[in-house]
Amino acid sequence: MATTFGGADLHCHSTFSDGLESPTALIGRAMEARLSVLALSDHDALHGLPEFERAAKGTGLITVTATELSTLADGEDVHVLALFVDPEEPELQAKLEEIRVQRDRRGEQMVEKLAAIGMWLDLGAIRKVVGDGAFGRPHIARAMVDKGFVRSLNEAFDNYLTKGKPGYVGKPKWLMEDAIAAVKKAGGLAVVAHPIWYRDPEKIVAQGVAAGLDGIEVIHADQDPTKESEFGRMASRHGLLRSAGSDYHGPPEGRKRVGACRLDEGSWNRMVEHAVARRAESGRPPLDLTPR
Ligand code: MN
Ligand code: MN
Ligand code: MN
């Protein structure tokens, strides 16, 4: 008997980057939301995927291996979702390890800058929280809240951790074009995340298409239905795949809940076709998209 397709949420974060819940907890959320497909897409990290896979066993969910890459295009920070990548591909692994080391160094520099203005944080303790994952500003912000230096994560960001503020250090980035090439080599599909975040989404997408971009995250928690249709048309115009993601980071609040954004069955099937073909082209092992 065929079961009803519950939708695909292709964007969420765990404690292996700046999310607040474990990959296991995310699988639980996906079950509660009656999703059919969930992708774990931690920032610049693949380390959460083994736990994600283990937790999915016996649930009937389809899991998608992914990561969200911080890249540079048109002078701004553009996020590229690397969906269906082979986590074992050595070049992507090496690049992410390089980025991990750079992120750790940046975290250390932020801690030093905050110490210089009297806000002492325990770098060793923060590193323990980060583990194998990607060190980011939210880790610093949470430590600042814990120490009572600020009352909220927003206050930490607004007064200390954004560009021009005393604790800010820029994040090292690679070019969007290079990231797209790396994703394809690792057998994955490259999708521009949350186009609403950019000054000129059309320009970013056109630049991406020239570099081999595969899709646009048409449905995202920060995009209302008007924007969904606008980005949907953009995807059709460029012959790109449609993607959908909640961008879940923590305990459910507002629109960013696991399953809040879902890709329909037709768009999912089209994406799978492309993903299977990409794996074959890349020479990486075939995709396993059977329900777990
Ligand atoms: Mn994040
Ligand atoms: Mn993002
Ligand atoms: Mn994200």
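**The metal site**

A: Happy to! In this predicted model, the manganese ion (ligand 1) has three residues as its protein donors: Asp18 through OD, and His43 and His249 each through NE2, at 2.1 to 2.2 Å from the ion.

Q: How are those donor residues of the manganese ion (ligand 1) spaced in sequence?
A: The pattern is D-x24-H-x205-H.

Q: And where do Asp18 and His43 lie?
A: Asp18 is in the loop between strand E1 (8-9) and helix H1 (23-32), while His43 is in the loop between strand E2 (37-40) and helix H2 (49-56), so the pair ties together parts that are 25 residues apart in sequence.

Q: Are Asp18 and His43 buried or exposed?
A: Both Asp18 and His43 are buried.

Q: What separates the manganese ion (ligand 1) from the manganese ion (ligand 2)?
A: A distance of 5.7 Å lies between the two ions.

Q: OK, new topic: helices. At what angle do H8 and H9 pack?
A: Helix H8 (residues 201-210) packs against helix H9 (residues 225-238) at about 30°, and their axes are 11 Å apart. Angles under 35 degrees count as roughly parallel, so H8 is roughly parallel to H9.

Q: Is the crossing left-handed or right-handed?
A: H8 and H9 cross in a right-handed way.

Q: Which residues meet there?
A: From H8 come Pro201, Glu202, Val205, Ala206 and Val209, and they meet Phe231, Met234, Arg237 and His238 of H9. Sorted by class, this contact of H8 with H9 has six nonpolar residues, one polar and two charged.

Methods: Residues are numbered from 1 along each chain as its sequence is written. Chains are lettered from A and ligands numbered from 1 in the order in which they are written. This is a predicted model: local features need pLDDT of at least 70, side-chain atom pairs count only at pLDDT 80 or more; totals for chains, interfaces and linings use all residues. Side-chain values use heavy atoms; hydrogens and water are left out. Donors are N, O and S atoms within 2.8 Å of the metal (3.2 Å for Na, K and Ca); water is not among the atoms, so sites may look incomplete. Helices (H or I, at least four residues) and strands (E, at least two) are DSSP runs, numbered from the N terminus. Buried means under 20% relative accessible area, exposed over 50%, partly exposed in between (1.4 Å probe, protein chains only). Axes are lines fitted to C-alpha atoms, for helices over the stretch in contact, and angles run from 0 to 180 degrees between N-to-C directions. Angles under 35 degrees count as roughly parallel, over 145 as roughly antiparallel, 65 to 115 as roughly perpendicular and the rest as oblique. A crossing is left-handed if the near helix is turned anticlockwise from the far one by less than a right angle, and right-handed if clockwise. Contact means heavy atoms within 4.5 Å. Ala, Val, Leu, Ile, Met, Phe, Trp, Tyr, Cys and Pro count as nonpolar, Asp, Glu, Lys and Arg as charged, and the others, Gly among them, as polar.
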